[in-house]
Amino acid sequence: MPFLNSAPALLVLTGGFLGLTLPFGKLAFAAGIAPSLWAFVISIGAGTVLLAAFLLMGKRPRIDVHMIRYYLIAALISYAIPNLMTLSAIPHLGSGFTGIMYTLSPVFTLLLSILFKMRSPNLLGLLGIFTGFAGAVLVGFTRGQVGQPAEPLWLAIGLLIPVLLALGNVYRTIDWPKGADPTELAAGSHLTTAVLLVPIIFWMTGTFPVEPLGAVPWLVFAQVLASACMFALYFRLQAVGGPVYLSQIGYVGAAVALLAGTLFLGEVYQLATWIGAAIITLGVLMTTKAQQQMVAKVS
C-alpha cells in the first residue's frame, strides 16, 4: 500500500487514531473504569491484534537479549508510564487539553535527537516545530476548560508526558533491533506493557476490576481497534520519518482530541485555545512540507 511509504499520510493517520484515544479515555473514566485498567486494555488489545497479524503474515517473533531489553525499556518510557499519566490526567484537564500536552513532544524530541546526532529536520521543519510549540504554549496559558481551570499539580503531570514520549521516540530509534519488523516491535512492546501494568493495577485498585468493562463493550472494541491501527502505523512511521517527524503525531492527535471533546463530550474551551490549535495546525503543515522536500532531495 503506497501510504505505508508516505510519512505525511502516516503522520495524519497515526495522529488521528491517537486523538481518538483521549476522548475514549474520558468515556472510560465516566463508566467507572480505572485509568490503570484502561491503559491495560489499550496495550493488551493492541498487542494481541498486532501479534495475530504478524503470525498470519507467516512470520515468527524473534526472542533474544536485545529484543527483551528493547521491549522492557520501550514499554516503560513509551507506553506504560505515559499512558497511565495521560489517562489519569484526562478527568482533571479534559481530553482536548490533555491532548495538547502531546504537542510539546516534538520540541523535546528535537533537542534529544540533536544531542544524539540523529537525523534532524531542515529549516522549514524547524520553523514548523517551533510554530507548533508556540501554539501549544498559547493553549497552555488558557489552563483547561472554561469554568474548570486546571490544578497546578495536574498541569505539571501533563507536562511530564511529552518528556517521556520524547525519550521513548529517541530510544526506539537508537536501540532499534537490526532487521526487526515494525509490527513485531509494536506487538512485543505492548504485550510487555500489559504485563508491567498488572501489578500496578493491583497496587492502585487493590483488585483487578474488570466488571465495568462489561458495561461498555462497544467502547472497549473501539479502543482496541483504534489502538491496533495506531501502533501498527506508529512503528512504520518511525522507520519512514524518523523520531522527530514521528513526534509530531501529537499535533494531529491534539486537534482530533480537541474537536472530539467539543463536539461529543461537551467540553468548552476559550477562543485562545482554538487560536492555539490553529497555530499548531499551521506548524504541522509546515513540517509536512519540509518532510516532502527532504524526501525529494534524497531521491
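Is F208 buried, partly exposed or exposed?

Okay, so what we have here is a predicted model, where local features need pLDDT of at least 70, side-chain atom pairs count only at pLDDT 80 or more, and totals for chains, interfaces and linings use all residues. Residues are numbered from 1 along each chain as its sequence is written, and side-chain values use heavy atoms, with hydrogens and water left out.

Let's talk confidence. pLDDT is the predictor's confidence in each residue, from 0 to 100. For the protein chain the mean is 84, and 92% of its residues reach 70 or more.

Now, back to F208. F208 is partly exposed, with a relative accessible area of 24%. Here buried means under 20% relative accessible area, exposed means over 50%, and partly exposed is in between, using a 1.4 Å probe and protein chains only.

Partner in what? A search of the whole structure finds 9 aromatic pairs. Rings of Phe, Tyr and Trp (its six-membered ring) pair if their centres lie within 6.5 Å; planes under 30 degrees apart are stacked, over 60 edge-to-face, and the rest tilted. F40 and F208 are edge-to-face, at 5.4 Å centre to centre and 85° between the planes. F40 sits in helix α2 and F208 in the loop between α8 (182-205) and α9, so this pair ties together parts that are 168 residues apart in sequence.

Another pair is Y234 with F235, a tilted one: 5.8 Å centre to centre, with 55° between the planes. Both of these residues are buried. They also belong to a cluster, where ring pairs link Y79, W176, F231, Y234 and F235.

Helix α7 (residues 152-174) and helix α9 (residues 217-246) pack at an angle of about 115°, with their axes 10 Å apart. The axes are lines fitted to C-alpha atoms, for helices over the stretch in contact, and angles run from 0 to 180 degrees between N-to-C directions. On the α7 side the contact is made by N169, V170, R172 and T173, and on the α9 side by Y234, F235, Q238, P243 and L246. Contact, by the way, means heavy atoms within 4.5 Å.

What does T14 touch? T14 is in helix α1 (residues 7-30), and leaving out residues up to four places away in sequence, T14 touches M230, L233, Y234, L237 and I249. With a relative accessible area of 0%, T14 is buried. A9 is also found in helix α1, but at 26% relative accessibility A9 counts as partly exposed.

Last stop, S78, in helix α3 (residues 65-93). At 3% relative accessibility, S78 counts as buried. With residues up to four places away in sequence left out, S78 touches I73, L165, G168 and R172. Along the chain S78 and T193 are 115 residues apart, yet their C-alpha atoms are separated by 9.2 Å.

That's my tour, thanks!

Terms used
Helix = DSSP H or I, 4+ residues; strand = E, 2+ residues; numbered from the N terminus.
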